[in-house]
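I opened this entry to keep track of what I looked up, and in what order.

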Amino acid sequence: MPSIEKKGYAVMAICISLVLFCVSAKKTAHAAVDAEPCPDNAYCSELVKKAEELKLWDERYWHVLMHYQKKRFGHVSVIDDPKFFLSPQGKKNPRAELVATIRSLFLSTEKEDEHTVCRFIARYAWLRKELNIDESKLPISVCEKYSRLLESIQPRSVNLIFPTSHINSPASMFGHTLLTIETANNNKLLSHAINYSAITDDTVGSIFTFKGVFGMYKGYFSILPYYMKIMEYGDFDYRDIWEYELDFTQEEVERLVMHLVELEDVYSHYFFFDENCSFNLLFLLEVARPSLRLTDDFNLWVVPVDTIRKVEAIGLVKKINYRPSETTRIKYMSSALDDKKQIEAKKLALGKLDSSAGVLEKYSREDRIRIIDLASEYIKFLFSRGKISQADYRKRFRAVLGLRSELSNETVEYNYPVPENPLRGHESTRASLWGGFYGSRKYMDLEFRPAYHEFLDSDRGYVESGQIVFGKVSCRYYPEENKFQFQRFDILDVVALAPMTRFFKSFSWKAQTGLVQKYFDDDEHLAYRLDLGAGGSVRPWPGSMIYLLGETSYNMSTHYRDFVDLGFGGTLGMYQKIVSFWKMHFYARDIYNLVEDFNNKLELGAAQQVHFTVNTAMEVTFAAYTHEFRNWEKELRVGLHIFF
């Protein structure tokens with residue numbers, strides 16, 4: 001352990017030096033390079049002329065370095081920070097930025113760090129090769145500080161990291177991706193974690209989601225030791241971690257590092273659905289190997305797991321590793337003990353059980369080890385979540401270690417089961433064709449869902465008790481009336497059912513908003529709805545979930561007497577996985593309206609979905625609706641789902 005700690009401090013020092021190096025270099029010479037052909041230098045003019053003859057600004061690698069994307073009227077960089085560009089037109093003009101970069105190579109600066117050779121070292125390395133630049137004619141030709149940095153970190157390989165989704169956190173509903181750069185010491189925990197994320201102090205989920213959707217946050221790249229990110233995601237955020245080792249050469253890894261230096265302290269506006277963590281990381285991979293063309297395939301929305309699927313599909317993944325989270329470990333360890341032993345472990349962790357010798361003598365030696373190990377893990381979990389003070393943590397952990405020391409000669413193997421690889425689950429986008437009856441009216445629905453996952457979808461590779469849907473659109477056709485109508489638009493539909501257990505008092509909730517056709521006296525009309533709910537759920541047996549949510553239902557339409565309809569009530573439901581490819585859902589929902597009719601709206605429903613393959617399924621749903629327990633209307637429909 002002491003040697004590992006020393007290595008950890010050394011690596012942290014290297015990370016800090018990298019950050020300081022980049023921050024100190026953020027001010028590049030911004031002389032008016034566009035005002036003069038070159039800074040009175042014939043060789044500079046010669047290089048500019050050569051670059052124009054070669055049309056280097058049209059080269060793929062230049063576009064990748066500048067994060068340009070092809071738009072209708074030209075190229076636009078997704079980077080928004082002005083200090084990333086040397087030309088005032090650089091964000092939208094690849095040629096102007098290239099010429100400005102060449103000119104800046106001949107400008108003198110007081111500090112080496114501020115010169116383009118250091119500040120934009122990846123650009124310089126490429127131009128030096130393409131133009132065969134005579135370095136002796138430059139005021140600065142080599143960035144000594146970067147050379148020393150490269151020697152100190154010795155990058156060897158790159159891993160793409162996927163912390164799975166955490167649906168109780170709006171920022172993490174779709175999961176997250178980051179990169180790690182392993183060094184010559186070959187210790188994954190001590191590698192450098194490269195992360196892109198929004199910088200925000202907002203803690204309210206709805207505010208974060210709104211600002212994130214409309215790009216109201218600035219996103220930055222950051223560098224931290226990987227073991228700190230494991231603590232953040234695996235121990236604090238309940239998230240398992242998947243590691244995908246990428247097949248990059250040494251030269252490609254070094255190109256990635258060079259570009260990372262250029263991006264330090266540079267922001268891009270963060271957009272929740274497209275220009276997010278996963279999308280921006282793809283540029284780093286393209287810089288390492290420009291032939292990848294990863295960013296071309298993602299336009300309207302970018303789901304983290306889809307970017308990893310793309311990376312795997314082109315053969316870039318050569319090895320996969322799984323890291324269970326703290327909660328996953330606790331759940332697995334507790335599953336090996338009966339209720340009585342679980343209670344003993346929790347009492348021990350909470351300091352409610354005498355930790356003196358012999359307190360667990362009534363159990364076998366293996367059971368004692370399992371009880372003590374579980375208590376130890378739970379103490380660490382409580383401390384990481386701020387549930388106990390540091391003084392209590394030390395006291396309880398020391399007592400548990402004392403008990404464990406009595407059995408130090410024996411160990412128990414914990415072979416944590418590896419869940420299904422997220423890449424093996426269904427694709428994120430879904431198209432559906434429905435046929436059904438509402439009362440005596442026949443209809444057909446055509447439905448499209450950009451992302452991501454619903455409860456009845458196969459949970460292979462997904463969080464079992466989560467539903468995350470955005471942008472689902474449905475259009476309906478009534479053949480007997482020859483009537484076509486826009487049926488609904490689900491802006492966001494999130495349901496998080498986290499089952500309560502002896503060790504985790506989790507919170508379940510729902511948030512659904514969008515447009516939907518509602519029946520009024522004369523006909524159907526579109527109305528805006530916002531349904532919010534909160535409550536709890538339990539798992540009475542494997543593959544099942546029973547939940548109870550208290551709810552508010554807010555609706556707006558010009559067809560309401562007072563324009564709005566507000567109701568309160570709740571939903572009682574149950575999910576059951578019959579077999580791996582067959583799931584069912586039963587529910588009863590009752591909402592009492594306070595504004596429009598002062599009555600109850602009761603809905604009873606049942607649904608089941610059967611998967612034929614990973615990306616094909618059939619669903620059958622039945623629902624009955626009534627007002628004040630009279631005038632039942634029934635709906636039956638059958639749908640075919642295609643995931644792609």
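**The seven-stranded sheet**

I began with an open sheet of seven strands, whose order I noted as E8-E6-E5-E4-E3-E7-E9, with antiparallel pairing. I looked up the edges next and found strand E8 (267-270) and strand E9 (317-323), each of which pairs on one side only. On average, neighbouring strands of this sheet are turned by 30 degrees against each other, direction ignored. I reminded myself here that the model is predicted.

**Pairs within that sheet**

I then went through some of the pairs, starting with strand E3 (residues 157-163) and strand E7 (residues 241-246), which run antiparallel and are joined by five bridges. For Phe162 I looked up the bridge partner in E7, and this is Trp242.

Strand E5 (residues 192-199) pairs with E6 in the antiparallel sense over eight bridges, and I noted that His192 has Pro225 in E6 as its bridge partner. E6 is also joined to E8, by four bridges, and these two strands run antiparallel; Lys218 stands opposite His269 in E8.

Which residues of strand E6 (residues 217-225) lie on its covered face, and which on its uncovered one? I listed Tyr217, Gly219, Phe221, Ile223 and Pro225 on the covered face, while Lys218, Tyr220, Ser222 and Leu224 make up the uncovered one.

Leu532 stands opposite Thr552 in E17. The hairpin of E16 and E17 has five residues between the strands, and in this hairpin Gly543 takes a positive phi near 80 degrees.

E17 pairs with strand E18 (residues 564-579) as well, in the antiparallel sense and over 13 bridges. In this pair I noted Tyr547, which stands opposite Gly573 in E18.

**Helix H11**

For helix H11 (residues 277-288) I checked the length: at 1.5 Å a residue its twelve residues should span 16 Å, and the end C-alpha atoms are 18 Å apart, which agrees. At the start of H11, I found a side-chain oxygen of Asn276 that reaches to within 3.3 Å of the backbone nitrogen of Ser278.

Is H11 enclosed by the rest of the structure or exposed, I asked, and why? Twelve of its twelve residues are buried, so H11 is largely enclosed by the rest of the structure. Among these buried residues I wrote down Phe279, Leu281, Leu282, Phe283 and Glu286.

The side chain of Thr327 makes a polar contact with the side chain of Ser325, at 3.0 Å. Leaving aside its neighbours within four places in sequence, I found Thr327 in contact with Tyr238, Phe381 and Phe504.

Last, I looked up the confidence: the protein averages a pLDDT of 87, and 90% of the residues score at least 70. Over residues 1-35, however, pLDDT stays under 50, although the model has 62 contacts beyond four places in sequence for them. Where pLDDT is low, the predicted coordinates should not be read in detail. I therefore leave the contacts of such a stretch without a detailed reading.

Terms used
Residues are numbered from 1 along each chain as its sequence is written. Side-chain values use heavy atoms; hydrogens and water are left out. Two strands pair if DSSP finds at least two bridges between them. Axes are lines fitted to C-alpha atoms, for helices over the stretch in contact, and angles run from 0 to 180 degrees between N-to-C directions. The expected span of a helix is 1.5 Å times one less than its number of residues. Buried means under 20% relative accessible area, exposed over 50%, partly exposed in between (1.4 Å probe, protein chains only). A polar contact is a pair of N or O atoms within 3.5 Å; within protein, one must be able to donate a hydrogen and the other to accept it, and residues adjacent in sequence count only if both atoms are side-chain atoms. Contact means heavy atoms within 4.5 Å. pLDDT is the predictor's confidence in each residue, from 0 to 100.
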